[in-house]
Amino acid sequence: MDAAPSFLDSYFLWRDPLAVAAMAAVLCSFVGVYIVLRRIVFVSAALSQMSGVGVATAFWLASVAGVEPHRAPWYLHPLWLAFLFAAAGAAAFSLHLARRRIAAETVVGAGYLLAGAAMILVLNSPRVTQETHEVNDLLYGNAVAVPPEQLWIMAACTVAVLALHLLLYKDFVFVSFDGEMARTLGYRAWWWNFVLFETFALAISVSTRAVGALPVFGFMVLPAAAALLLSARLWQVFALAVIIALASAVGGYYASFRWSLPTGASMVVAIPVVAGAVAALRLVFGRRAS
Amino acid sequence: MNLIELRSIVVGHHGRPVLPPIDLTLRRGMFLGVIGPNGSGKTTLLRTVLRLQAPISGLMLYPSGKAPRVGYVPQRDAVDLSFPLTALEIATMGRYGRIGRLARPGSADREAALRALGDVGAGALAGSAYHALSGGQRQRVLIARALAGEPDLLLLDEPATGMDLPSERAMLDLLASFARRNIGVVMVTHHLGAVADYASELCLVAGPSRPITLGPRAEVLTSERLSEIYGTRVVVARLGEHASIYMPRETP
């Protein structure tokens, strides 16, 4: 009880990090419904890894160019390169769907491994080692200190991706559910898959930078999986996934603040707790209704 | 009215033909059964007509000047059961070719989908979750989805797989009724009994090295031809208008 006032009193400390975490939760859980339904959950892990290579490469290129990383031109900005690398990976994964000669999980696994190895190699460069602490912050997020610039980038990306998804909802669902049927009705399925996967890349690269790889993977997979267990209507699954993720981000952040726990891990552990609470509420209200 | 004309079309994978060149005309009101053993090239032919894969050579012509509106019914197992969609939502997808990319389905589209579900006897299932339906009911929903787009030509890939006899017969009666309503019906099946009493024309395929047999059902469905294609004795017994196909048991 005594922690509540101190938490509220520290509003100025947690306002921006919590806002960023909440936006990452909403964004990742929404696109995560597609990722879970299409059985490509490790795409988010692989894209997260690829965006990490982009961050490490940005630092390496800045040092090669003799530029201080924080004063580097826009095209060497870590976030930009993180998105660029994740977008390239997303394009490769989406185009692979059109020419399936190897199982999707094998291609995703190969992407994850190669990106992981590439990141180790880049980070091992003497040019980057002195920046390792900062690179790790960028790679795995730092939900404690959030610069204003990051807040706005996260907000812009969240609004852009959600707006695009709401606009193209029918088409994304159709191509994901039955791409072959969509093709017979004149859809260029490869193009729709490409656009869909690029939204995954954007969501993952900005969210990983904001809250870290583990919470991003958690928000992508767990809320959608829980929502699918709790509802038999697709629009409800999207809504439930977002509600569960948002409540988990807030609850996890509070638990982390209250008991000095690691923030990302707290948010992930909160997801099944919130999902369980939603299931219990559904059971109670379902019984009352009957 | 001719909808699609295939002229010396060669179908196959990665430049390797799976059938000899074929000349075939798909018309309104026809009920064409494409039959043959497993792996004989039936589905490849269907996918080529659907433009899901390009032919190796030959021409595909549209006499009306544009591609006809097609309704495709894939193999039931190809449809993902993990998506939480209702029968109505799935049937409405058949309208997406008409709606346009960014637009949402309107009341006319929902009505067309409901009408299609009613046509296949699945009107009461509109609000049911697709994954909770029986195999026969799912098949009806997929046919309704194809019908909802008001197609000129309906193409079905192994629609009778996994159905019990009454469900299969009910579905075949339904397809025959579409042909009577002047919709072209093309059904790929390895189940000869499914076409013996229903298809007006048959296309018998058996791989790249054997000629394709195309013609009226009674001409194509003969004991000699089937025995040759299947490499074992197959008997086609005729009882008036009906045909029954069976393999006699060889007794030592």
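A salt bridge here is a side-chain nitrogen of Lys or Arg within 4 Å of a carboxyl oxygen of Asp or Glu. This is a predicted model, where local features need pLDDT of at least 70 and side-chain atom pairs count only at pLDDT 80 or more, while totals for chains, interfaces and linings use all residues. Residues are numbered from 1 along each chain as its sequence is written, chains are lettered from A and ligands numbered from 1 in the order in which they are written, and side-chain values use heavy atoms, with hydrogens and water left out.

**View 1. The two domains of chain B.** Domain 1 of chain B takes in 1–68 + 152–215, and domain 2 covers 79–151 (bounds from an automatic or database domain assignment). Their C-alpha centres sit 23 Å apart.

**View 2. Where the domains of chain B touch.** Here 13 residues of domain 1 meet 10 residues of domain 2 (contact: heavy atoms within 4.5 Å). Together the two domains bury about 930 Å², 70% of it on carbon and sulfur atoms; that's accessible area (1.4 Å probe) lost on putting the two parts together, summed over both.

**View 3. The salt bridge, and the domain 1 side.** The rule turns up one salt bridge across this interface of chain B. Asp119(B) and Arg181(B) pair up through their side chains in a salt bridge, at 3.4 Å, N to O. On the side of domain 1 that touches domain 2, strand S8 (153–157) and helix H6 (165–180) of chain B are the elements giving two or more residues (DSSP runs numbered from the N terminus: helices H or I, at least four residues; strands E, at least two). H6(B) gives the most to that side, with five residues.
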